[in-house]
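Reader: I would like to learn how to read the local features of a protein model. Please take them one at a time, with the general idea before the case.

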Amino acid sequence: MVRKATRIVVKCTLTHKSDERTRRRGPRPTRTVVTRSQRTVHHTTTSGSFFHSLPSEVFDMILDKMSVLEISVFSMVSKEITRYILDYISTLAWKNKTIVQSFHHSTCLEQRSTIERYRDLGLLFKRCTLLQPTKDRLKFIFSKFSQIPCFLMEQCSAPDCIGFSSYGVFLQTLIAGWDELECDRVFNFLSDLTNLLQKMEAVIMGKPGVTWDHKLQLRLFCRKVLLDPWPSQPECQFWLTQLLKPWPMVSQAHLLFILYGPVMPDGTFGWQDLVERGLPHCTLWDLARAILLLFGKLESKCQTANSLLAILEELIVIPQPWHVENVARLLVLCGSSLCYTVLASKAVNGRLLEVSRLIVFIILVCEKDGYHMTWAVKMVQQICTVFGTAPERFCFIQQLENMFSEVTREFFELSVTENHLDNRETFQALCFLIDSSARFHTKFLHMFLK
């Protein structure tokens, strides 16, 4: 027999006696469950209200005792603290006390201290404007620095000025980690702020009134503020591409030459020396590095090397066609891949005379600068593969040997016409050429005899 379930209803009624007892004891305490998020909000509100309750003069005194780096860390405590610090660093008193505007230091220690100060300022403005939109951040930040004379082109010509270097360190620290779209906005903002594109156009097109000083100022600003502060290749690629992108190929070559071409110890451009004589590899290394940056950028975008070859063809005739040794040295510094691309392109287009002359001077550069001659031999072997038939390859080798004879004769005649006791440079070049020819042919024959 199944027992039927019954519902038991219990009714509780407060009697007058129990009610009186309750009143005597007071209300029974209730337990409240507080979640972690509620506790965080409560703690933030409490801490914020603590600082909010302080007189502003006391809070300013606390911030006055802190370093720039400490303030930058403190600004991340809460939104309220961030807002107060933004107001604090917007005052003229803070700006005059903290933002260094003297950049003509005599000692390396002072220079290093100033640059480190601007690195800390970059962190401060990066952190305290973190929650603002990019456009508002840039307006606020650069309103503090846009009128510093040493940060402006054509305002300071002191040779020991580190204004651009400090500006570059500040900018690099500020935008490190930003994505490409945000960096593109930064470039456009700086271009508008400094009239950069207009100044570049005036320099590239050689407008009336443009002097060597204008070109040098443009070079210093772009190199020290936008390009050189970046330690890694991708960021430097980005900024170099941004500078070159608005211009046609001819202008890109001209701008590349202004930014990375050889500069003499006295600060003047050594452009005419590229035309008249061979220069040491250190004068062309910056230009080679810039070309390699562009070449990597072109490859990453799956573009052909034609645009780079066009830039290079324009580059080696500024201001006039270069001395062949300088062209050869630039190709050697650019490495095997780019060197082969240039020589193979000329060979395919039937410019054997030009290719042969370049190879002879590449061999001379290898001997002068201490490169292994095996590198030049392998380059010649690679060029031979461009030709499809044995007669074409033989014609190329024959042209190369004839060019060795022709260049040797040129060097000899030049050394005879000059008094080699007074000018030993030409005679020494002849000796290098003879030695390089011997080493090249020794390696070349050895490879065939192996």
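This is a predicted model: local features need pLDDT of at least 70, side-chain atom pairs count only at pLDDT 80 or more; totals for chains, interfaces and linings use all residues.

Reader: At what angle do α17 and α19 pack, and how far apart are their axes?

Author: Helix α17 covers residues 306–315 and helix α19 covers residues 336–348. They pack at an angle of about 85 degrees, and their axes are 11 Å apart. An angle from 65 to 115 degrees counts as roughly perpendicular, and α17 and α19 are therefore roughly perpendicular to each other.

Reader: Which residues meet between α17 and α19?

Author: From α17 come Leu-308, Leu-309, Leu-312 and Glu-313. On the α19 side they meet Leu-338, Thr-341, Val-342, Ser-345 and Lys-346. By class, this contact of α17 with α19 has five nonpolar, two polar and two charged residues.

Reader: How do α10 and α11 pack?

Author: Their axes are 6 Å apart, at an angle of about 70 degrees. That makes α10 roughly perpendicular to α11. Phe-187, Ser-191 and Thr-194 of α10 make the contact with Leu-196, Leu-197 and Lys-199 of α11. The residues of this contact of α10 with α11 divide into three nonpolar, two polar and one charged.

Reader: Where is Glu-154, and what is its phi?

Author: Glu-154 is in the loop between α8 (134–142) and α9 (163–175). Its phi is positive too, near 65 degrees. Glu-154 is partly exposed, at a relative accessible area of 41%.

Reader: Which residues does a cis peptide bond join?

Author: Ile-318 and Pro-319 are joined by a cis peptide bond, with omega about -5 degrees. Pro-319 is in the loop between α17 and α18 (324–334).

Reader: How should I read the length and burial of α14?

Author: Helix α14 (residues 249–260) has 12 residues and reaches 16 Å from its first C-alpha to its last. That is close to the 16 Å expected at 1.5 Å a residue. Nine of the 12 residues of α14 are buried, so this helix is largely enclosed by the rest of the structure. Among the buried ones are Leu-255, Leu-256, Phe-257 and Ile-258.

Reader: Is Val-225 buried or exposed, and what does Val-225 touch?

Author: Val-225, in helix α12 (residues 212–227), has a relative accessible area of 1% and is buried. Leaving out residues up to four places away in sequence, Val-225 touches Phe-164, Tyr-167, Gly-168, Leu-171 and Leu-220. Leu-171 is 54 residues from Val-225 along the chain, yet their C-alpha atoms are separated by 7.4 Å.

Reader: How many disulfides are there?

Author: A disulfide is a covalent bond between the sulfur atoms of two cysteines. With a cut-off of 2.5 Å between sulfur atoms, the count here is zero. Cys-128 counts as buried at 2% relative accessibility, whereas Cys-395 counts as partly exposed at 37%.

How values were computed: Residues are numbered from 1 along each chain as its sequence is written. Side-chain values use heavy atoms; hydrogens and water are left out. Axes are lines fitted to C-alpha atoms, for helices over the stretch in contact, and angles run from 0 to 180 degrees between N-to-C directions. Helices (H or I, at least four residues) and strands (E, at least two) are DSSP runs, numbered from the N terminus. Angles under 35 degrees count as roughly parallel, over 145 as roughly antiparallel, 65 to 115 as roughly perpendicular and the rest as oblique. Contact means heavy atoms within 4.5 Å. Ala, Val, Leu, Ile, Met, Phe, Trp, Tyr, Cys and Pro count as nonpolar, Asp, Glu, Lys and Arg as charged, and the others, Gly among them, as polar. The expected span of a helix is 1.5 Å times one less than its number of residues. Buried means under 20% relative accessible area, exposed over 50%, partly exposed in between (1.4 Å probe, protein chains only).
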